[in-house]
Amino acid sequence: MAHTAKSALSEPAIVDRNLTLEIVRVTENAAIAAAEWRGKGDEKSADRAAVEAMREELGKVTVAGRVVIGEGERDEAPMLYIGEEVGLGEGAKVDIAVDPLEGTTLCAKNQHDSLAVLAMAERGGLLHAPDVYMEKIAVGPGYEPGIVQLDRSITENVQAVAKARGVSAAEITVCVLDRPRHAKIIDELRELGASIKLINDGDIAGVIHTTDREETGIDIYVGTGGAPEGVLAAAALRCVGGQMQGRLVLDTQEKRERAARLGIEDPDRIYDVTDLASGDVLFAATGVTDGSMLDGVKIRPNYFETSTIVMRSWSKTVRWIDARHLRDK
């Protein structure tokens, strides 16, 4: 059950403030490991390096953690699998969602916006989403509740945001994953005259871009992408007061049964941001490659430089952390 703003502010569930820096170290190490594989065309090696580094660093964090969004079921993934217990086994009991290398193709091609991402919430705070598609629409903070809704047309959603901002639809920029399944959305946006930011991969980054419109120029994210990535993106939006709706695409009996095993009873339910990530939430992302919000890892002769954003829903604090890490001798 999601906490109200008042109760969350008076009773933080995750009381150890050091956890903020601890999870930053987790995403930093994953990003550094993946960065060694940038531009080498080897997605599997890049992903494996990030997973191994993230799991190793997670083992040092003072939490009793349980992976709810990870690399797959236990028989599919040797580490960071769904249900795996991570951390030191002491401190706050938390659910953890990870994407050690968001945008594996982006990393392999050394293109923008590949990230190492982690979200942490009090136990039960993150939706156990199956590895299926999810329809998504998201905006950043500062709007009235319900400003965007999945069951409205993209034209209606863009016009609502434009009205709230006091601008025309032509001044709204919508981020969309460049896929054939989004052709109708793209055609409708072009007919409306809105600006479109097409991305090749990495829809966590696409949603996160809405959290800081002045920096990224992105007003709305819309489209169908991975459901696990939707939970991670929702965690970021929770931390800044953004809005998001998601609906699982359960278009086969096998997918519906898989969702049911994770406790999802209504296959047609529209999830609000607080349904996807509730209670006290921490979120961190470190750039692997350069992007609109974060610089990628800089590999120097004697050290690495990293750029990370870390957020917390309880305090609505957003920090950008630039760090230097000495290379092993």
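**Cysteines and a helix pair**

Guide: In this predicted model, the count of disulfides is 0. Cysteine 107 is in no disulfide, and the nearest cysteine sulfur, that of cysteine 175, is 19 Å away.

Visitor: How do you know that cysteine 175 is too far for a bond?
Guide: A disulfide needs two cysteine sulfur atoms within 2.5 Å. The closest cysteine sulfur to that of cysteine 175 is in cysteine 107, at 19 Å, so the pair is too far for a bond.

Visitor: What decides whether cysteine 107 is called buried or exposed?
Guide: The cut-off for buried is under 20% relative accessible area. Cysteine 107 has 0%, so it is called buried.

Visitor: And cysteine 175, buried or exposed?
Guide: Its relative accessibility is 0%, so cysteine 175 counts as buried.

Visitor: Moving to the helices, at what angle do helix 2 and helix 3 pack?
Guide: Helix 2, residues 19-35, packs against helix 3, residues 43-58, at about 155°, and their axes are 8 Å apart. Angles over 145 degrees count as roughly antiparallel, so helix 2 is roughly antiparallel to helix 3.

Visitor: What is the handedness of the crossing of helix 2 and helix 3?
Guide: That crossing is right-handed. On the helix 2 side the contact residues include Arg25, Ala30 and Ala34, and on the helix 3 side they include Ala46, Met54 and Glu57.

Visitor: How do the residues of this contact divide into nonpolar, polar and charged?
Guide: Between helix 2 and helix 3 there are 10 nonpolar, 2 polar and 2 charged contact residues.

Terms used
Residues are numbered from 1 along each chain as its sequence is written. This is a predicted model: local features need pLDDT of at least 70, side-chain atom pairs count only at pLDDT 80 or more; totals for chains, interfaces and linings use all residues. Side-chain values use heavy atoms; hydrogens and water are left out. Buried means under 20% relative accessible area, exposed over 50%, partly exposed in between (1.4 Å probe, protein chains only). Axes are lines fitted to C-alpha atoms, for helices over the stretch in contact, and angles run from 0 to 180 degrees between N-to-C directions. Helices (H or I, at least four residues) and strands (E, at least two) are DSSP runs, numbered from the N terminus. Angles under 35 degrees count as roughly parallel, over 145 as roughly antiparallel, 65 to 115 as roughly perpendicular and the rest as oblique. A crossing is left-handed if the near helix is turned anticlockwise from the far one by less than a right angle, and right-handed if clockwise. Contact means heavy atoms within 4.5 Å. Ala, Val, Leu, Ile, Met, Phe, Trp, Tyr, Cys and Pro count as nonpolar, Asp, Glu, Lys and Arg as charged, and the others, Gly among them, as polar.
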